[in-house]
Amino acid sequence: MDNLVDARSQPRRQGLASQPAPKEVLPHQTLLAWLDQRRDTWPKTPNRHVPINAKTALGTGPVSPEYLKRHLLHQGVYLERVHSDRVLNEALTVGADPRHLALVFNLSHTTASSYAAIAQNLLDDTAAVEELPSNQWRTRRRTS
């Protein structure tokens, strides 16, 4: 989610395969609260990026990676983890297509294939659990 159009209008794709996942209300509410604060602080900014600061509000460019690291690390969030989560979520959403991942995220073939393999394993595990009758799954859990 790089700009305001994405933040307000892009459908949130979550869940494995066709299985609907509970919406993550808190992150969405936090994002909307930030957008309200951003609008109140810089009402006439031409910048369409979601994270902005006093310097970038005057232009159209993104905040620097150093700015993000400084502010996110303070909260215990690592940029690499956020990026990995975005790639894996996309892989789960589109069905573990390495070519799609390579094109969308500018990944090498090897890296895209790794994400696709992880996503495929998760999708396969989810499908296997869904195929088990509920009493058989409970029986297996007790015996493990």
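Which residues have the most contacts inside the largest nonpolar core? Select Val87, Leu101 and Leu107, which hold that place in a core of 13 residues. A nonpolar core is a set of buried Ala, Val, Leu, Ile, Met, Phe, Trp, Tyr and Cys residues joined through side-chain atoms within 4.5 Å; buried means under 20% relative accessible area, exposed over 50%, with a 1.4 Å probe and protein chains only. Helices H4 (79-94), H5 and H6 (109-131) each give two or more residues to this core, and H6 supplies the largest share, five residues. Helices are DSSP runs (H or I, at least four residues), numbered from the N terminus.

The model is predicted: local features need pLDDT of at least 70, side-chain atom pairs count only at pLDDT 80 or more, and totals for chains, interfaces and linings use all residues. Residues are numbered from 1 along each chain as its sequence is written, and side-chain values use heavy atoms, leaving out hydrogens and water.

Next, select helix H5, residues 98-105, where Leu101, Ala102 and Phe105 are buried. Viewed down the axis of H5, these buried residues fall within an arc of 100° (taken from the directions from the helix axis to the C-beta atoms), so they line one face of the helix. Arg99 and Leu103 are exposed on the face turned away from the buried side. After H5, Asn106 has a positive phi, near 55°.

Finally, move to Asn47, in the loop between H2 (25-41) and H3 (65-73). Asn47 counts as buried, at 1% relative accessibility, and its side chain reaches the backbone oxygen of Thr56 at 2.8 Å.

Key:
Polar contact = N/O pair within 3.5 Å; in protein donor to acceptor, adjacent residues only side chain to side chain.
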